Amino acid sequence: MKIAVVGTGYVGLVAGACLAENGNDVICVDKDAAKVRALQRGRIPIYEPGLEEMVRRNRAEKRLAFTTDLPKGVRSSQIVFIAVGTPTGEDGSADLRHVLEVARQIGKSMNGYKVVVDKSTVPVGTSEKVRAVIQKETSHPFSVVSNPEFLKQGAAIEDFMKPDRVVIGAEDQRAGQIMKELYAPFTRTGAPIMMMDCASAELCKYAANAMLATRISFMNEVANVCELVGADVDQVRRGVASDRRIGAAFLFPGVGYGGSCFPKDVKAMMKFASAKSYEFEILRAVENVNERQKVRLVAKMKQHFGSLAGKRIGIWGLAFKPKTDDMREAPVVPLIQALLDAGASVAAFDPEAMKIARGIFGNRVDFKEKSYEVLAGADALVLVTEWNEFREPDWTRIKKLMKTPVVFDGRNIYNPDHLRGLGFTYHAMGRR
Ligand code: NAD
């Protein structure tokens with residue numbers, strides 16, 4: 001099929017590459033000329049495992065191209081995906097400016113029947129708005145489809161190629177059939193293609209993200225209570241997760257959720273519910289708990305050291321989660337800010353997010369090129385993002401480098417007995 005994907009960010013670029021991988025002709029459109037130039041030269045602007053090779057392969061096969069020319073992309077395609085950002089607006093709701101601007105441009109560029117697919121995460125009713133905007137610009141026939149994306153950064157290729165399910169909100173049969181054909185190769189393993197109305201499809205995405213954020217905040221509260229009552233969250237988690245009604249995913253306590261999706265989608269869902277006079281009280285609590293959790297490690301550090309003034313803190317991990325360079329809403333940002341405000345100095349390392357982190361903190365943080373370099377003279381090591389390379393470090397070497405052997409494990413990845421046996425003071429989240 002001939003496809004245009006507008007927006008070549010984490011979602012659009014992955015979707016474009018994966019659609020090309022299954023034999024479609026894909027043209028990816030972005031208004032960011034520098035990004036498009038880089039992509040045309042084979043350079044990938046984001047870190048996502050497997051993406052670079054997939055883009056290279058499909059460009060070489062001439063199934064994948066990049067342009068800033070939206071009309072050209074639209075005219076040469078039957079299916080046009082909208083995959084631009086929907087950031088949090090000033091009042092907390094999803095800002096639809098980019099989506100509606102792209103819709104308008106699509107409308108102006110129409111030269112025949114198109115299926116316009118909204119892949120961005122958008123509040124209920126957006127497909128109607130997109131339809132109205134396009135309608136104003138063209139007399140050509142078109143369908144609007146809602147097709148929310150559920151990929152996880154860090155495993156985006158795998159998720160897109162082998163989704164748990166594909167959700168398609170389509171109001172007419174013609175578009176529904178085209179979408180089913182498009183996704184058939186991705187669902188050969190039996191994953192369902194779920195056809196529904198647009199409003200339900202749009203809400204699916206928010207409900208899924210809000211549920212996951214709720215599990216994280218819930219488990220963080222369980223961990224905090226564990227500390228107060230003398231229980232161990234690892235044991236509690238195992239006991240709870242083995243219940244098949246609950247399951248094991250998303251039950252790990254930590255430093256709070258971040259990223260470009262959970263914080264903004266939780267906010268947006270509260271907002272569109274309250275626009276209908278419904279207060280989504282659970283989500284308000286989920287958000288509050290998350291804000292508190294982001295600086296909980298700092299409180300632990302203050303408790304340990306008394307004052308943080310003059311202390312040197314080494315940080316491992318800056319991205320909001322492993323296997324991505326994304327630092328949007330990363331919990332490490334308020335954590336580092338709180339350390340700096342308390343008079344500590346911070347050295348930090350991340351395998352992929354250093355460039356972005358430098359853009360945020362400049363020279364207020366001492367960024368190091370290698371993980372062990374942040375430990376020289378450090379009063380404490382704080383593990384924030386659980387990259388694989390941090391999982392089995394050389395503790396003897398670490399102890400020699402540090403001023404005092406103190407570890408704050410924000411993800412509960414280290415063995416407390418082992419570390420204490422080696423002479424470290426070990427703090428974690430809800431563990432004994
Ligand atoms: P992103 O910010 O990485 O990428 C958006 C891209 O759209 C940018 O490259 C930007 O230049 C481009 N763009 C903006 N306006 C444009 C225009 N008028 N014309 C052409 N290009 C334009 O965003 P993202 O993380 O890929 O997210 C996109 C959408 O997908 C959001 O709604 C998000 O909530 C949703 N989503 C994201 C994820 C994720 O893990 N990042 C997962 C599922 C869904």
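1. Let's start with the helix pair: α9 and α12 make a left-handed crossing, meaning that the near helix is turned anticlockwise from the far one by less than a right angle. This is a predicted model, where local features need pLDDT of at least 70 and side-chain atom pairs count only at pLDDT 80 or more, while totals for chains, interfaces and linings use all residues. Residues are numbered from 1 along each chain as its sequence is written, and side-chain values use heavy atoms, with hydrogens and water left out.

2. Helix α9 (residues 198-229) packs against helix α12 (residues 281-294) at about 55°, and their axes are 9 Å apart.

3. On to the ligand. Around the ligand sit 26 residues, of which Asp30, Lys35, Thr86, Gln153 and Lys264 come nearest (a residue is near if one of its heavy atoms lies within 4 Å). By class, this shell holds eight nonpolar, ten polar and eight charged residues.

4. Now the polar contacts (N or O pairs within 3.5 Å). A backbone N or O atom of Tyr10 is 3.0 Å from a ligand oxygen atom, and a backbone N or O atom of Thr121 is 2.9 Å from a ligand oxygen atom. Arg328 uses a polar side-chain atom, 3.0 Å from an oxygen atom of the ligand.

5. As for burial, the ligand taken alone exposes 830 Å², and the protein buries 89% of that (Shrake-Rupley, 1.4 Å probe).

Key. A polar contact is a pair of N or O atoms within 3.5 Å; within protein, one must be able to donate a hydrogen and the other to accept it, and residues adjacent in sequence count only if both atoms are side-chain atoms. Ala, Val, Leu, Ile, Met, Phe, Trp, Tyr, Cys and Pro count as nonpolar, Asp, Glu, Lys and Arg as charged, and the others, Gly among them, as polar. Axes are lines fitted to C-alpha atoms, for helices over the stretch in contact, and angles run from 0 to 180 degrees between N-to-C directions. Helices (H or I, at least four residues) and strands (E, at least two) are DSSP runs, numbered from the N terminus.
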